[in-house]
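Trainee: I want to learn how to read packing features in a model. Where do we start?

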Amino acid sequence: MLKFIERWIRATINETIDQAILRTIRDQYIENLFEMVPATTKVGVTNLMEIAMRANQGTPVSRPLGSPIHLSPWEKILFNPVHLFRFPTPENVGINTSVTIGPRAKKPMTISIPIMIAAMSFGGALSKPAKIALAKAATMVGTATNSGEAGLMKEEREAANLFIGQYNRGGWMNQPEKYKLLDAVEIQLGQGAQGSAPQRTAAHNIGEDYREVFGLRPGEDARIHSRLPGVNSKEDFIRLVRRLREETGVPVGLKIAATHHLEKELQIAVEAGVDFITIDGAEGGTHGGVPTLQDDVGLPTLFAITRASDFLARKGATRKISLIATGGLVTPGQMLKALALGADSVYIGTAALMALASEQMVKALPFEPPTSLLVYTGKKTDQLDVEQATRNLVRYLNAVVREMELVILSLGKTAVADLSKSDLCTIDPFIAKATGIQLGYVSPEDQSRFFAETEPAFHHFRDFPQPEKEQPVIPPH
């Protein structure tokens, strides 16, 4: 009987597939289901679905976790191990992975590893259990977690030994009784996945716990403005930084979305006397942002780090102002390359969430996405095991740091702080010219000759349009 059923099933499937193939071949293309293949190839699966969502909903699409576009070519940069010219570090020598954020502050913040948990807000993004798990894991490995654009949640503050809070555009952490409880204050003016665009969480998505932490009235939406309230000029920002530094004594920093105006933005930050600068590249994630902001706004993380680091070096501020990099850093190699390019530490967001969920994602799959265990509006948030999630993230961070240490050993270094561009090479001449990393095609001694001989290949750089200069106004005759 089983063999008969098996033969019947095989025959049915075979006949169905045969008929489908024949119909695909014989139907006119305009009436052919195969039409979807070239159409989808042309438009892209993601774009096709987002077109359908916009058409169905009539509002901007809110896409979670940031852009799927990879703008930073990390894979074209490689580390340079050593063997004889400088010997590798013996395996019994410990690697110093600690980092001090804001060394000029009255109360600098020292973390044990160069990785921190990125700004992901309670309510606006994550559930209370997820935020508590992030804070607990950060404490266990000796690093910091970030409040995101939120108010001060008591349970998160208690779980986090080192807690960075955002002085934010919603105003929810901007009162002295809140920001004086922080280990570092991060003035949030923008983020990689949103730029400086305003955001709104509708009142019907706000529960009682969310309303309490944010200080919202019943029925009131949570709004993030495009500008920080009270900061409408360069002078306003400078006064704010100086006041917060004086009132708190902890490191006070700035977070912005990476932008081609980067050096102009950083100049004001340096004038204000910030203790750290967080640069969020265009690959940065978010709970939900419109695709156009995610895909088409900002500057790739790799180039933003390089430009920011070079700027601080020119200003003589490298040892005075800490540089924190974030935005799409998901592998230990990418994180370590960011540090070698000049960042003092990195934030991770999406990777941390995936580590939190880990094997618990089976509670959501196949009918709900894994994020339904973590986000505030998720259908499975009550099923997240906080202790298991904490252990998962701790193990993940330990594994990442160990992989980073193995690379540092092979470079003959003994500390994360010892990394520099000299530990890197690239297989892309354009990256070499843009970042100052040496090109791996030729020896260090032949770099100048190579670029001189291949200059015609780069002549189009000179043809790029230059920024328009303001023309003098000529009065009419």
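Trainee: What covers the buried residues of helix 8?

Mentor: Source first. This is a predicted model: local features need pLDDT of at least 70, side-chain atom pairs count only at pLDDT 80 or more, and totals for chains, interfaces and linings use all residues. Residues are numbered from 1 along each chain as its sequence is written, and side-chain values use heavy atoms, leaving out hydrogens and water.

Mentor: Helices (H or I, at least four residues) and strands (E, at least two) are DSSP runs, numbered from the N terminus. Buried means under 20% relative accessible area, exposed over 50%, partly exposed in between (1.4 Å probe, protein chains only). Contact means heavy atoms within 4.5 Å. Here the cover includes strand 6 (163–167), helix 6 (176–179), strand 7 (184–188), strand 10 (252–257) and helix 9 (262–272).

Trainee: Which residues of helix 8 are buried?

Mentor: Asp236, Phe237, Ile238, Leu240, Val241, Leu244 and Thr248. Just after the helix, Gly249 takes a positive phi of about 80 degrees.

Trainee: Where is Glu283 found?

Mentor: In the loop between strand 11 (276–280) and helix 10 (291–296).

Trainee: Which side chain makes a polar contact with the side chain of Glu283?

Mentor: A polar contact pairs N or O atoms within 3.5 Å; within protein, one must be able to donate a hydrogen and the other to accept it, and residues adjacent in sequence count only if both atoms are side-chain atoms. For Glu283 the partner is the side chain of Ser72, at 2.6 Å. Beyond neighbours within four places in sequence, Glu283 also has contacts including Ile69, Pro300 and Gly327.
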